[in-house]
Amino acid sequence: MLSKAEALAIVLAEAAKERAFEEAPLCAALGRALTRDAVADADIPPFEKSSMDGWAVRAADVARAPRTLRVLGAIHAGSPAPRPIEPGATWKIMTGAPLPEGADAVIPVEDSTAAPDGASVELRATAVPGRHVCRRGEDARAGEAVVRAGTMLDAAALAVLAATGNDPAPTFAAPRVCVIPTGDELVRADGPPPPPGKIRESNGVLLEAQIRATSPALTVLRPGVARDDRASLDRFLDVGLDHDVLVLSGGVSMGDLDLVGVALKDRGLVPLVEKVSIKPGKPLLFGHAPRRSGGRCAVFGLPGNPVSSFCTFELFVRPYLLARLGVDDVAPDEVAALLDHDREL
């Protein structure tokens with residue numbers, strides 16, 4: 001029987017073998033990790049621009065206040081920089097608009113009063129060089145790494161990639177996952193109260209939610225519940241083994257109707273883990289089987305007890321999926337705890 005650490009090492013080694021790379025459009029890259037550093041293709045910002053609505057000035061012209069300057073015109077975001085600023089003059093400027101040549105500061109609009117004819121403006125605040133100005137390249141320089149390899153892409157990282165010319169992004173491919181609960185005792189969760197001997201199916205809901213919470217990049221199919229007979233199980237395996245990862249719940253122990261292991265081995269499963277020295281979760285099955293469409297399907301057989309399914313997913317399946325997505329630090333955090341009273345384990 002393997003220790004938890006030994007079993008996890010096997011699982012992660014298999015994940016590393018199955019990693020695949022693809023250029024993903026940013027709209028589909030959320031929750032994946034980068035395969036290499038992403039670099040800026042230009043300075044960000046690419047020009048000096050205003051960070052405020054206000055007045056572009058030469059700071060030397062507004063070293064004291066109040067000061068009245070001639071208005072040369074207005075500069076809007078998206079327009080090219082106009083002619084250079086003149087001594088004793090100002091340009092009205094909007095947030096994000098390029099600074100005209102010679103301007104080195106911006107006076108906010110709330111510190112000003114424009115003349116009725118718009119030809120001049122009184123500025124009531126002094127100017128300091130660089131104030132309310134975004135300098136060219138202050139966020140990133142061309143060729144500079146902006147998101148490092150191995151970073152799982154969140155909303156902020158995607159925005160950085162978009163701003164720096166990295167669409168599509170070099171990512172690890174997201175595996176397709178199938179979840180199949182097993183058991184004659186299971187009935188639909190959305191039906192009436194179960195009859196005697198039956199229970200509502202919850203592990204499929206649990207595992208699908210855990211997979212979706214692992215990364216939004218993962219796609220999950222939950223085709224239904226396999227019954228405790230080979231014909232039913234084989235029909236569902238036809239579907240499950242056409243995916244990159246198959247997660248089954250139940251049927252992996254030693255009971256008369258625990259048919260999952262036998263059925264999978266008949267379909268070419270190479271078992272790498274069959275028992276782990278943990279409680280709950282001892283009868284964990286992991287290996288790989290031929291995928292119907294070619295290649296290999298990673299297979300996890302989790303115990304049917306809901307707590308066991310939850311724990312074995314967190315300890316082994318989630319790290320496997322994260323590793324397939326390119327994340328390096330995937331082992332669950334561990335803490336030591338001391339019981340304050342005797343308890344049989």
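Mentor: Axes are lines fitted to C-alpha atoms, for helices over the stretch in contact, and angles run from 0 to 180 degrees between N-to-C directions. Helices (H or I, at least four residues) are DSSP runs, numbered from the N terminus. This is a predicted model, in which local features need pLDDT of at least 70 and side-chain atom pairs count only at pLDDT 80 or more, while totals for chains, interfaces and linings use all residues. Residues are numbered from 1 along each chain as its sequence is written, and side-chain values use heavy atoms, with hydrogens and water left out.

Trainee: At what angle do helix α1 and helix α6 pack?

Mentor: Two packed helices are described by the angle between their axes and the distance between the axes. Here α1 (residues 4-18) and α6 (residues 306-324) pack at about 25°, with axes 9 Å apart. Angles under 35 degrees count as roughly parallel, and α1 is therefore roughly parallel to α6.

Trainee: Which residues of α1 and α6 make the contact?

Mentor: Contact means heavy atoms within 4.5 Å. From α1 the residues include Leu-8, Val-11 and Leu-12, and from α6 they include Leu-315, Phe-316 and Tyr-320.

Trainee: Within what distance do the axes of α3 and α6 come?

Mentor: The axes of α3 (residues 203-214) and α6 come within 10 Å and cross at roughly 30°. That makes α3 roughly parallel to α6 as well. Among the residues that meet are Leu-206, Leu-207 and Ile-211 in α3, and Phe-310, Phe-313 and Leu-321 in α6.

Notes: Helices (H or I, at least four residues) and strands (E, at least two) are DSSP runs, numbered from the N terminus. Angles under 35 degrees count as roughly parallel, over 145 as roughly antiparallel, 65 to 115 as roughly perpendicular and the rest as oblique.
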